Amino acid sequence: MASGLKALWALSVVLLVSNWQHWTYGKATPQVPCYFVFGDSLFDNGNNNFLTTPVKVNYLPYGVDFPLGATGRCSNGLNIADTIAEQLGFDSFITDFGVGGVTNFLDGVNYGSSGAGILDETGYLSRDLFTMNIQLYNHKITVSRIAKRLGGEDVAKKYLSKCIYVSDMGHNDYLNNYFLDTYNSSKIYTPDEYAQHLIKTYKTQLEELYSTGARKIAVFGLIRVGCMPSNKQKNPNELDGSLCAYKLNNDVKIFNSQLQTMLGELNEKHKDAVFTYINSYEIDSDATNAGFKNTRESCCQVLESGAVPCQSLSVPCANRSEYVYWDGAHFTEAKAWAFGKRAFKRLFPEDAHPYDISELVKLELNDNDVNSVNLAQL
């Protein structure tokens, strides 16, 4: 055990140096002034470290390939939000909101919180979490600070309108609510009704984000939760031909369909903004996983069958770039990059609608109908 830990620490030191050089090599001006992140454990960069909750991963082997070690990201290295930041041209990591003491907020802030959902009641068994409503409240604090720093609300709104906003919410409203017997939501709502309930709440939240000055908003759909190793192990009798729990996937597909419709409605209402849909379900597919040898198993040792977290101080697989999943639910850095690249610049037309993130960056928004912009001009 001791020799394994020494090897793990040595590898961490080597990768810390190489990864940091990779991140900072060839510094360039970012394509947008700032980048704001709302989300769950797929995007969380350490906010839960500051909260009274057992849902935190600030221990090895998490972060074994990350320049700063175990920061609270549910990955061996970068997560999806990090890969998008790098593609946007940021030469340092977007700061977490934490307990609100952040000072370098002009580049953007990450509000993501592992276990959090669209609904406030989602994840309540995990105690303290930054739900979507709390993340929006925290963002309003940031916006007020930006206004003070820049000299007024009008200047701040113009600044914020040029930034990129990403939101990845809804996974936990299924995984840690609708799919759990400890909640009664599956007894109250049919899958269609529950999706409607989530979408109605989410629409109000995205409207609130718009009211703070956000104009370029990329909203991520839900990934194939039935393909997560933990959900496969918990639902062995519901596996389809792709070895995924088909019922779980079918339920989130209903949410994704309604989300696309809702974003279309927001685009019709707000002609000076774009809410674009990132098709996470299709991006999380065999086309993205084609280069990986292990697509349904976790790289690290989890606590037990069906569990999500890695065992503390366990030694993970050595060939991490060949694994899709790091633990029982979250991607490796290699998969995060494969995913993030398709979200940023679509591989197939269905990956994003109406724009991918690289196209969203280039849009010049005003009071005219930005939804009529010709993609050929981008």
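The model is a predicted one, in which local features need pLDDT of at least 70 and side-chain atom pairs count only at pLDDT 80 or more, while totals for chains, interfaces and linings use all residues. Residues are numbered from 1 along each chain as its sequence is written, and side-chain values use heavy atoms, with hydrogens and water left out.

**Cavities and pockets**

Rolling a probe the size of a water molecule over the atoms shows where empty space is left. On a 1 Å grid over the protein atoms alone, a cavity is a set of points where a 1.4 Å probe fits but cannot get out, whereas a pocket is an open set with protein on both sides within 12 Å along at least five of seven lines, and lining residues have an atom within 4 Å of a point. Grid points are joined across faces, edges and corners, and a volume is the space filled by probe spheres set on the points.

A search of the whole structure finds 3 cavities of 30 Å³ or more. The largest cavity is lined by residues including Ser-41, Cys-74, Asn-79, His-330 and Phe-331. The second largest cavity has a volume of about 40 Å³, and of the 10 residues that line this cavity, the closest to its centre are Tyr-35, Ala-81, Asp-82, Ala-85 and Ile-94. Helix H2 (80–88) and strand S1 (35–39) are the elements that give two or more residues to this lining, and the largest share, 3 residues, comes from H2; helices (H or I, at least four residues) and strands (E, at least two) are DSSP runs, numbered from the N terminus.

The largest pocket holds about 950 Å³ of space, and of the 41 residues that line this pocket, those closest to its centre are Asn-172, Leu-175, Asn-176, Lys-234 and Val-308. Helix H5 (171–178) gives the most to the lining of the largest pocket, with 5 residues.

The table sets out the linings by class, where Ala, Val, Leu, Ile, Met, Phe, Trp, Tyr, Cys and Pro count as nonpolar, Asp, Glu, Lys and Arg as charged, and the others, Gly among them, as polar.

| Space | Volume | Lining residues by class |
|---|---|---|
| Largest cavity | about 60 Å³ | 6 nonpolar, 4 polar, no charged |
| Second largest cavity | about 40 Å³ | 7 nonpolar, 2 polar, 1 charged |
| Largest pocket | about 950 Å³ | 19 nonpolar, 15 polar, 7 charged |
| Second largest pocket | about 200 Å³ | 5 nonpolar, 3 polar, 6 charged |

**A buried charge**

Asp-327 is found in the loop between strand S8 (323–325) and helix H12 (333–344). Asp-327 is buried (under 20% relative accessible area, with exposed over 50% and partly exposed in between, for a 1.4 Å probe and protein chains only). A polar contact of 2.7 Å does join the side chains of Asp-327 and Tyr-62, and the backbone nitrogen of His-330 lies 2.7 Å from a polar atom of the Asp-327 side chain. A polar contact is a pair of N or O atoms within 3.5 Å; within protein, one must be able to donate a hydrogen and the other to accept it, and residues adjacent in sequence count only if both atoms are side-chain atoms.

**Backbone geometry**

Most residues other than glycine have a negative phi, and most peptide bonds are trans. The peptide bond from Leu-60 to Pro-61 is cis, with omega near 15 degrees, and a cis bond also joins His-353 and Pro-354, with omega about 0 degrees. Arg-127, although not a glycine, has a positive phi of about 65 degrees and counts as exposed at 55% relative accessibility.

Definitions and conventions
Lys, Arg positive; Asp, Glu negative; His and termini not counted. Salt bridge = Lys/Arg side-chain N within 4 Å of Asp/Glu carboxyl O.
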